[in-house]
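Reader: Please show me the model, and then I will ask about its chains, contacts and single residues.

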Amino acid sequence: MFQLSKVETLIAQDQKFLFTLASYVTILVIYINLNAFQYAVLGIVASILYFLINGIFLGHAFFDKEDTFFRLMFGGLLLIMLLGFVGWLAVIIYNLDATRFTVVLFVVTTICSLSNRKVKYRNAT
Amino acid sequence: MPLSEQGRRRLLRCSEILYLFLIAFSFYLLILSRTGEARTVWEVLHPAFIPVLFVASSILIPILLTSEKTAYKLLFIIVHSILIHSFFSVIFPAGDLSGQQGALGKTRLIYDNVVLHGADPLPFRALQSEIFKRFGGANFQASLSVIFARMLSIDVIWVHLFLVPVLWGVFVPIAAFLTTKALSEDDKVSVLSGLLISVFPYATYFGAISVPQSLGYIFFFYSLYFMLKYLTSNDSKTTALMLAFSFFALLAHYLTGVMAFSLLFLTIAFKAYASEKKTSSKIARLTLAISIIISAILLPLSLIYLRFFGAFQIFFTLDKFYELPRGDIIGLFLLGELIHGFDFKTILLIVIGPAIALLWMMYLLYRFKRNSTAKFRVHMYFLFTAFLIILIDYRILKVFMKGVEELFNEERLWVFRDFIAAPFVALAIFAGISSLKAFLKARSPPNLSIDSSKTIRACSKVPSKRVVPRVFGLLFTGLLFTSTVFFPLLLAGWMTTSLSAAYPQVAPLQTTWYELEAVKYIEEKTNEKYVVICDVWIMYAGEMIVGFGNPSAYYFESSKTGHDLLVNMTREPSPQWMLSAMNYTNTTVAYFIVSEPRLGTDAFNNVVSKARDTLTVFHVTGDGKLYVFSYRKG
């Protein structure tokens, strides 16, 4: 748990948008894997990274007073809700093919990163 | 000799390792139980599974009562929870034969990009019904399943089957923990509550099937937690999260959403009462009473107004009073659906949890009545009122309304009741254990010791210096045994036995491997639009592979035309009916699927021998138990 809290702090700080960029890279990997290889292992690894980064962003943004474990869990739950909501919007507006699915991931990452930034700046001031 | 701190830590680690090993072994046994042809999970479940699960649970409960880190305890509960909610998904090839297969059929349409603007392919009717359709939980759940399936690059059937068991397994125990902690601030009783949510059979069942409502229950539970927080907090984040979870409960399913908003209204009323009672007590009480009534009637009234969306015709009626015998009416009021054909054991397992919770709530309220400054007083009153509202709503829907069953079974309200009951059951049990330990501690002879972690140990030697009466010694040993051994075994037994009421004992034959194989084979080998004449079971299998109501791969049973064609084909299989099906659906190839377990051996042999004369055998599978015949136009 000690190691996890270190990782969490590092990701939540998001120096120079490093982890936001990492999240965008995982989206690219997921997109390429979906259209070219369809390797489940690659998809699982990329998804875990995606969930870890964005879950920590959201946990940090909304539950900064909670313990690490609950922050991660709440962050994960909020991320699932956000993915479902943006995906639902995509479905009712048109559909959720591979391209729109990638747009959904992109939008969700952007929202998570901005939420995290907002809290970071608020705490700094 | 009392154990040292180090020895105790070592014993705890050993228990944890043993528990994890037993849980891993249980997963292995569950996978070994996987079958392609069964009616219930109990037919094929490995005989060692339940004993191993019981032992694992018996080890887990004492771990929860130690001073181990809360996060670890919750992780152990999560693993246990995922295991007990995965029976259908692991054992059956296509999960439970229920609404979850229909939900998968709709998800498949979105996954395969067959439809636009949502999973319901029915034609446009009116604007308000379109809004209702889009907000219907099928789209939300489908989009979540499709996103996960694309992220992981695995077929949507796997994601769909495990979506709710995993999400429920992870998030519901945490919600139970948080809700109980909001009532007691005690970590041990809260983790016990996270585990005890699995003693409620109906909640376990909904955690095991992937339907939109199950997702709604999860969001509802979190909205309930944030409501409790909101009662004593003015934090804007708490308010935002309470509203967000209520909204998502609505997005996932109508019932969970309306219940969440009913309780949201109640929360606001309780909070307003708390601030107004100092200035004007009578008006505040009156406002609160009116608010409680509004919260209670919100669900029944909202169901009536569903007709505005052109969706369902639900109305109030006294028909049941005139139609049913008086005994049945009284039975419905007291036990609801349980009066219809449930055995005593199942009834007991379903009602015992809520009954304990209700009694404990009443006891706590009695105590709080004498202490107006008690810390969790408002929370207790709120939850007690919410519990009563759910009990009342269930009876209104069950006895005074008609048409509700078109939308959902009234018994689905039991899950809300169970969510509120779980923390109180944990509080009651924990209070029982604590009282017993306090009693033992107060009366323990000098060389019978109770350690700091509240784990009671007894030195086996009879005291030499001080003579303890034999009767007292026996009584003491009995109580000691009760608190340290009997309670964990009793709770583990209760949790394990509850599974027998959660998973049905009687069911039709589940979708078999060869039914799935047949519909996959047709889909792979046909490059054009086609129609399939089949029974409802094949139709479910077909919808899971090609999507619900897919216009390019039409599975024909649910309509009257489809049913008539099936009856004609089973009586006198001939190209004439195949042509009718093709003309009806504007296709050029038709298939007829018949399987032995669904039709019966004699009828199956008869149909197959007749069909062989006039139709082409397209595929045979399931060791000859399923035949696919084809006929092409022209």
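The questions and answers below go from the chains down to single residues.

Author: This is a predicted model, in which local features need pLDDT of at least 70, side-chain atom pairs count only at pLDDT 80 or more, and totals for chains, interfaces and linings use all residues. Residues are numbered from 1 along each chain as its sequence is written, and chains are lettered from A and ligands numbered from 1 in the order in which they are written.

Reader: What is the radius of gyration of chain A, and which value would a compact globule have?
Author: The radius of gyration is taken over C-alpha atoms, and the globule rule is 2.2 Å times the number of residues to the power 0.38. For 125 residues a compact globule would come out near 14 Å, which agrees with the 15 Å of chain A.

Reader: Which percentage of the residues of chain A count as buried?
Author: A residue is buried if 20 or more other C-beta atoms, placed from the backbone, lie within 10 Å of its own, exposed if 12 or fewer, and partly exposed in between. The C-alpha trace of chain A spans about 40 × 30 × 25 Å along its principal axes. Of the 125 residues of chain A, the buried part is 46%.

Reader: Which element gives the largest share of the side of chain B that touches chain A?
Author: Residues are in contact if their C-beta atoms, placed from the backbone, lie within 7 Å; by this rule 24 residues of chain B meet 29 residues of chain A. Helices (H or I, at least four residues) and strands (E, at least two) are DSSP runs, numbered from the N terminus. On the chain B side, two or more residues each come from helix H8 (137–152), helix H9 (156–184) and helix H13 (236–252) of chain B. The largest share, 10 residues, belongs to H8(B).

Reader: How many residues does domain 2 of chain B give to the contact with domain 1 of chain B?
Author: Domain bounds come from an automatic or database domain assignment, which gives chain B domain 1 (5–427), domain 2 (428–502) and domain 3 (513–632). The C-alpha centres of domain 1 and domain 2 of chain B are 33 Å apart. Domain 1 of chain B puts 29 residues into the contact, and domain 2 of chain B puts in 19 residues.

Reader: What is the span of helix H19 of chain B from its first C-alpha to its last?
Author: The expected span of a helix is 1.5 Å times one less than its number of residues. Buried residues in H19(B) include B:Phe382, B:Phe387 and B:Tyr394. Helix H19 (residues 377–399) of chain B has 23 residues, and its span is close to the expected value, at 33 Å.

Reader: Which residue of E4(B) is the bridge partner of B:Val532?
Author: Strands pair if DSSP finds at least two bridges between them; E3(B) and strand E4 (residues 553–556) of chain B do so in the parallel sense over 4 bridges. Strand E3 (residues 530–533) of chain B is covered on both faces, with B:Tyr530 and B:Val532 buried on one side and B:Val531 and B:Ile533 buried on the other. In E4(B), the partner of B:Val532 is B:Tyr555.

Reader: Is A:Lys16 buried or exposed?
Author: A:Lys16 is found in the loop between helix H1 (2–13) and helix H2 (18–37) of chain A. Phi of A:Lys16 is near 50°, a positive value in a residue other than glycine. Because A:Lys16 has 8 C-beta neighbours inside 10 Å, A:Lys16 counts as exposed.

Note on methods
Two residues are in contact if their C-beta atoms, placed from the backbone, lie within 7 Å.
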